[in-house]
Amino acid sequence: MRRLWIVAALGLAVLLAGCHHAKVTNPIANVNSKQPDKVLFDRSMEAMKKGKYDVARLTLQTLINTYPDSEFVARAKLAVGDSWYAEGGTASLQQAEIEYKDFITFFPNMPEAAEAQLKVAMIHYRQMEKADRDYTHAKRAEEELRQLMQQFPDSKLLPEAKERLREVQEVLAEREYRIGHFYYMRESWAAAIARLKSVTDAYPLYSRSDEALMLLGSAYEKQVDAMRAAKVLEIYKGRLIADFTKHAAEAYDRVITRYPVGGEADKARERLQALHQPVPQPTPEAIAQNKAEVDSRGEAGKFERVMLNFKRHPDFAPTVRVGEPIMTSPPETSATEIVQQAQKALMETALAAAGAPNNAGATTNGNNAVAPATGSSTGSTVEIVGGKGVPPPGEVAPRSEQPAANVGAPPAAPAPDNSGIEDLAAKPGNAAPPNPQPATQPTVQPTAQPSASPDAGNTRPAAAPPVQPGPTVPPQAPPQVNEAAQADQAQAASNEPAAKDSSSAKGKKKKNKKKPAAQQQPAPQE
């Protein structure tokens, strides 16, 4: 029974000791003074050691309000933030961040300002989660640590800030790598390239940078395979295939020159040889640097890896312990930019082909558009205005809402003008012979002639009307006449007499029907 009491007492002591979230020390404990402000400060420190954070904050506020000119005011303000920081919890940490920011604002030149800035970064560092969870606190911790290193470059806390920054960047890089690997497995090459390129450019100290570069090069090679299988003209394929191959070779080059000690360097050499690209040689400095980075990394044991499944905090064991962390992140690459770059290269190739006729089977038609080669499976064209991409100064720029010209179909017929049909029909020799064909005429493609109209879509020749005798007038350009409308007008003029005869016959028949039966004489019977 006595042993049980002893065990219970020890357990209670351990429990009470664990209730204190952080160890609090009195920065001026060795100062022997009986001044009232010093007495208040000592009482607050004693209360914080016992976990009475509310009492400590109340005492510190009394010191600040009662003795505003005291030499302990700055330390009292910092101690208020320490009380919230030691208490822990989401709400308490938020209040601690506010108090630390206020201290930096009011006392930026004190040595404790760098300590306050480090505490702000550590507030978010303590709330960081794993790479596959929310990364808001990781980004905030990275920003605060960078601010500490830039604002207080001579602080003695700089080595600790660098160490924490490398750990934070390891978590952020792991997140980007996992997303890029997910897109790679889903065969979304543009999205995978964007994520992998971002992680390799922004976090060179990442423990799996060589694997990310190998995956990036493989994604570019997949783009090459997809482009070769696409139904696009060969002159368009060549430019994109060359660009993707170049980017893949650059990724493999970085694996060899920047991470030669890792296990991916040999694979990168094999891929470069398969792509018929030169294989670079790493420098001795690069080999020594990468070897130091690999040796500084740790590895979690089996028990630690099992326990990580029950924790929300990330694993910092693979973090590099040497090297300077990146202070400025390059702009992130998006999948939209990757697609736009490919489209831009395709359009530049199309413009170059349009400027050089009969280039690799590509020809230009009358509308300055690149037509596919004979036997090509695609019928796409690229329209070039004026042959150089810019209309002449005297020509109106085409609008996007204007429909493209369709050579195989007749243009839309305008509203017929019946004012001159009767005059043409009255004159001998002007009437067109009756046309027994239906109104829908087969499409006839006459020889293309220059047109006076600025409409590039209408390539039919203009038919001039017969010249009437009269006073001499200066010659004018013949007006544009639609062939389909002209044929319909001529047919209507030729069929007009027959229509009049039929209408008169119908009128007589109606009159005969109106006569009474008595006036009609019966037919003679034999």
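Reader: How many helices and strands does the chain have?
Author: The chain has 18 helices and three strands. Keep in mind that this is a predicted model.

Reader: What is the average pLDDT of the chain?
Author: The average is 75, and 61% of the residues score at least 70.

Reader: Where does pLDDT stay under 50?
Author: One such stretch is residues 16–22, where the model has eight contacts beyond four places in sequence. Another is residues 508–521, with two contacts beyond four places in sequence. Where pLDDT is low, the predicted coordinates should not be read in detail.

Reader: OK, new topic. What share of the residues count as buried?
Author: Of the chain's 526 residues, 33% count as buried. The accessible surface of the chain is about 33,400 Å², and carbon and sulfur atoms account for 55% of that surface.

Reader: Which residues touch the most other members in the largest nonpolar core?
Author: Tyr100 and Val168 do, in a core of 69 residues. Another core lies apart from that one and has 13 residues, including Met45, Ala47, Ile64 and Phe72.

Reader: Back to Tyr100. What is Tyr100 in contact with, leaving aside neighbours within four places in sequence?
Author: The contacts of Tyr100 are Leu78, Gly81, Asp82, Tyr85, Ala116, Lys119, Val120 and Ile123.

Reader: Tyr85 is on that list. How many aromatic pairs does the structure hold?
Author: There are eight aromatic pairs. One of them joins Tyr85 and Tyr100, with 6.5 Å from centre to centre and 65° between the planes, an edge-to-face arrangement.

Reader: Why does that pair tie together parts that are apart in sequence?
Author: Tyr85 belongs to helix 4 (residues 73–87) and Tyr100 to helix 5 (residues 90–106), so the pair ties together parts that are 15 residues apart in sequence.

Reader: Are Tyr85 and Tyr100 buried or exposed?
Author: Both Tyr85 and Tyr100 are buried.

Reader: And what lies over the face of Tyr85?
Author: Lys119 does, at 5.4 Å from the ring centre. Lys119 is also among the contacts of Tyr100. Elsewhere, Arg175 lies over the face of Tyr135, at 3.6 Å from the ring centre.

Reader: Last one. Of the contacts with a separation of 6 or more, what share comes from residues 24 or more positions apart?
Author: Those residues account for 60% of such contacts in the chain.

How values were computed. Residues numbered from 1 in each chain as written. Predicted model: local features only at pLDDT ≥ 70, side-chain atom pairs only at ≥ 80, totals over all residues. Heavy atoms only, no water. Phe/Tyr/Trp six-rings, centres within 6.5 Å; stacked < 30°, edge-to-face > 60°. Helix = DSSP H or I, 4+ residues; strand = E, 2+ residues; numbered from the N terminus. Buried < 20%, exposed > 50% of the residue type's maximum accessible area, 1.4 Å probe, protein only. Lys NZ or Arg CZ within 6 Å of the ring centre and 35° of its normal. Contact = heavy atoms within 4.5 Å. Areas by Shrake-Rupley, 256 points an atom, 1.4 Å probe, with all protein chains shown as cover. Core = buried A, V, L, I, M, F, W, Y, C linked by side-chain atoms within 4.5 Å. pLDDT = per-residue confidence, 0-100.
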